[in-house]
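Here is a friendly briefing to read alongside the model. Have a look at the structure first, and then we will go through a few of its parts.

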Amino acid sequence: MLYERPRDACGVFGIYRPGYAVAHMAFDGLFALQHRGQESAGIAASDGNTITVVKDMGLVASVFDDRTLSTLDGDMAIGHVRYSTTGSSTWHNAQPVYRSSGEAGFAMGHNGNLTNTEMLLSRLGLLPGILSSDSDLVAEMLAASCEGSRFGDTVADSDIPRIVDSSYAIDRTVDLETACLEVLPLLEGAFSFVIMDTTRIIGVRDPNGFRPLCLGKFEDGWVLASETPALDVIGAKLVRELDPGEMIIISASGIRSLQPFSPHKIEPKLCIFEYVYFARPDSILDGLEVNATRRKMGELLAEQSPVDADIVMGVPDSGVPAGEGYAKASGIAYGQGLVKNRYIGRTFINPSADARADGVRRKLNPLKSTIEDRRIIVVDDSIVRGTTTKALVRMLRESGAKEVHLRISSPPFEWPCFYGIDTPNRDELLAANLSHKEIEEFLGVDSLAFLSLSNLRLAVGGGKRNCDACLTGNYPIPVKVDSISRRLAVS
Ligand code: AMP
């Protein structure tokens, strides 16, 4: 294994707009994706001859200013924001990853997590521990391929993927594209990539489409982004989301769409938790607006688990639409009972349980006038470790709540994610270790209800096209369970 557990739940961005200095647009795009990663940010830009990379630890606005952006010369750029957890916060893991190989070099940003890293390492002839992330491993494989190494399954001309919506032929002389066609089919797990050499940007979604990636356009250019709001903020129009298993190549000669993966591997499995928590409410995922799905989750939760109370409140930010939906369906008034400090990051990323509990106080302040002497229904999107939720319930009690009824707009989170959302090991997941009654007692609530799996699926359009492994333990790509530590190990 490369490291203990999956860590990357990131945001990626790419832009090609001939004649424009695009670094500021890449900045704006990344800024709109900041919720997907707050550990580090980076942009790689190409002026047609040279790739320049600026990346550092910290938020987009602290990594970049006018001075650094002005060094990122060129009309083509990719960007990346990376998610934070204990131990992985090193500059080396900041992206875009850059490799100088072949005639020039390439830069790459990755959202997701690979599940066959051990096999790939041995294929590359590397020992575990030499590379510090799966993104590094892919960059290494692409570089090796660009330099002429082969991994056994070379791409025969007859295997060249079909060209879906373009009249351009595959340019077999171009190293990076050929390298992608060779390397990508060997990868398993979750990956949405943006990859750039000096003259082209490649966007790829894994055959399950675990992580989102969309294509946008200007009259005179193209954009790739993890989520649609990154297009909105720079005035680009959404063309469509990339299909699972699709590879898009953007260059001066236009745009092409290829399918590098074998058709039997294609099975849409967009992460259901993107709808529950991770994505922005104004994102369109698989054609659905995330905010609307969260409201629906709240409505279904009210029908499924009603309770008599005076007021409904959502926990900012991701619990608010579900709270509104719950209020609408129950007929109980919605009230703002928690004020969020706008300048704070996500508390979940703090390493220790104490730090996370303190983080809740910094982040959310109760409005006493809404809460005091009231029976409250609190709607939040999920319970993971339970630390922040417990601190929140305590805060509501201290503010005089008469009753606290917790409603969660997703089913119990019992299984770690191996496809790109950072989650704790099984032994830290509250719902994997305690019974319903024990969770109620641990959190100190008067009642607790989770949205049922069937209702969650209903809210996201049926759920057939979604991965729900964190809720069901049904992993679309097999992972090994270590029965002693109860941790999951990547196979
Ligand atoms: P906890 O109380 O420790 O279980 O944390 C639950 C809170 O963390 C919920 O309010 C969610 O909004 C949020 N959350 C859920 N999943 C994640 C995640 N993967 N990363 C960061 N925050 C999350």
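S40, G42, A44 and S46 point one way from strand β2, while A41, I43 and A45 point the other way, and all of them are buried. Buried stands for under 20% relative accessible area, with exposed over 50% and partly exposed in between (1.4 Å probe, protein chains only). Helices (H or I, at least four residues) and strands (E, at least two) are DSSP runs, numbered from the N terminus.

Please keep in mind that this is a predicted model, where local features need pLDDT of at least 70 and side-chain atom pairs count only at pLDDT 80 or more, while totals for chains, interfaces and linings use all residues. Residues are numbered from 1 along each chain as its sequence is written, and side-chain values use heavy atoms, leaving out hydrogens and water.

**Strand β2 and its partners**

- β2 covers residues 40-46, and seven of its seven residues are buried.
- With strand β3 (residues 51-57), β2 pairs in the antiparallel sense over seven bridges; two strands pair if DSSP finds at least two bridges between them.
- I43 stands opposite V54 in β3.
- Four residues separate β2 and β3 in their hairpin, and G48 in the turn has a positive phi of about 100°.
- β2 also runs antiparallel to strand β4 (residues 76-82), joined to it by seven bridges.
- On the β4 side, A41 has V81 as its bridge partner.

- R36 sits in the loop between α1 (23-32) and β2.
- The relative accessible area of R36 is 0%, so this residue is buried.
- The side chains of R36 and N111 are joined by a polar contact of 3.0 Å (a pair of N or O atoms within 3.5 Å; within protein, one must be able to donate a hydrogen and the other to accept it, and residues adjacent in sequence count only if both atoms are side-chain atoms).
- Leaving aside neighbours within four places in sequence, R36 is in contact (heavy atoms within 4.5 Å) with residues including V81, Y83, R211, E227 and E274.

**A four-stranded parallel sheet**

- An open sheet of four strands has the order β17-β20-β21-β22, with parallel pairing.
- β17 (311-314) and β22 (447-450) stand at the edges with a single partner strand each, so one side of each is left without a neighbour in the sheet.
- Six bridges link β20 (residues 375-380) and β21 (residues 403-408) in parallel, and V379 stands opposite R407 in β21.
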